[in-house]
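Good morning. I have one structure to go through today, and I will keep to what can be read from its atoms. Please look at the sequence and the model first.

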Amino acid sequence: ILFTGKLPEGLAGVQHLYIRYTNRTYAYAAFLREEYPPFTFDTTALDPRDYAAARTAFEPQYEDRNRLTVAFRIILAIPHAIVLCFLWIAAAFVTIIAFFSILFTGRYPRPLFNFTVGVLRWSWRVSFYSYGALATDKYPPFSLRSEDYPADLEVEYKEDMIRWTPLVKWLFAVPHYACLAALSGWGWWHS
């Protein structure tokens, strides 16, 4: 992008599959959904809807990119990183509360659900703008809600959940985290 002003479509395809797979895994691991996410790796920008429980929508900007801001995205993303740091700490506590809520009542409290989805959505937007994808020049909003932005995340709310699933869900998420580690290069980079 820095030299041509274009995002290569092949690279964008790899980003699509990684980001969609990450969002699905996090939605499952945070107890937002009970359905096990599929091991699918579609490289299309449009969500194939093979996991309707969590939909990742994005419209990457392939051409006519602002080459100057690409070099400074890390600086431009600092305010978001600071806010997201505190939001992720809060989301960790919310997930613990949701764990016990689902275990004892069979429900994820709606306000806590909306907060957790909002944190995932905000993180996804910042990643879409910054070095996670570099897919748009539009600065992400400081909002947990769904906004008019080229990247969005929606997770369907489920009224009643199976009470025992929080006890084993972390174990079921391990294969997905292993795939994410392999896709992100964590294995060779940290060895």
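Predicted model: local features only at pLDDT ≥ 70, side-chain atom pairs only at ≥ 80, totals over all residues.

Residues are numbered from 1 along each chain as its sequence is written, and side-chain values use heavy atoms, with hydrogens and water left out.

The protein chain has eight helices and two strands. Helices here are DSSP runs of H or I with at least four residues, strands are runs of E with at least two, and both are numbered from the N terminus. From that end, the order of elements is α-β-α-α-α-α-β-α-α-α.

Contact means heavy atoms within 4.5 Å. Of the contacts in the protein chain with a separation of 6 or more, 73% are between residues 24 or more positions apart.

How much of the protein chain is buried? Of its 191 residues, 44% are buried. Buried means under 20% relative accessible area, exposed means over 50%, and partly exposed is in between, with a 1.4 Å probe and protein chains only.

Next, the core. A nonpolar core is a set of buried Ala, Val, Leu, Ile, Met, Phe, Trp, Tyr and Cys residues joined through side-chain atoms within 4.5 Å. The largest one holds 36 residues, and those touching the most other members are Leu32, Tyr108, Trp124, Phe128 and Val155. Two or more residues come from each of helix H1 (9–29), strand E1 (54–58), helix H4 (78–105), helix H5 (110–129) and strand E2 (151–155). Helix H5 gives the most, with 10 residues.

Now the helix pair. Helix H6 (residues 165–172) and helix H7 (residues 174–184) pack at about 30 degrees, with axes 5 Å apart. The axes are lines fitted to C-alpha atoms over the stretch in contact, and angles run from 0 to 180 degrees between N-to-C directions. So H6 is roughly parallel to H7; angles under 35 degrees count as roughly parallel, over 145 as roughly antiparallel, 65 to 115 as roughly perpendicular and the rest as oblique.

Which residues meet there? From H6 there are Trp170, Leu171 and Phe172, and from H7 there are Val174, Pro175 and His176. Five of the residues in this contact are nonpolar, one is polar and none is charged.

Leu183 also lies in helix H7. It is partly exposed, at 40% relative accessible area. Leu183 and Tyr18 are 165 residues apart in sequence, yet their C-alpha atoms are 7.1 Å apart in space.

Two residues sit in the loop between H5 and E2. Ser143 is one of them, and it is buried at 9% relative accessible area. A polar atom of the Ser143 side chain lies 3.0 Å from the backbone nitrogen of Arg145. Leaving out residues up to four places away in sequence, Ser143 touches Trp122 and Arg125. Leu134 is in that loop as well, and counts as buried at 15%. Leu134 is 61 residues from Arg73 in sequence and 8.6 Å from it in space, C-alpha to C-alpha.

Last, Phe31, in the loop between H1 and E1. Is Phe31 buried or exposed? Phe31 counts as buried, at 8% relative accessibility. Most residues other than glycine have a negative phi. Phi of Phe31 is positive, near 65 degrees.

Note on methods:
Nonpolar A, V, L, I, M, F, W, Y, C, P; charged D, E, K, R; others polar. Polar contact = N/O pair within 3.5 Å; in protein donor to acceptor, adjacent residues only side chain to side chain.
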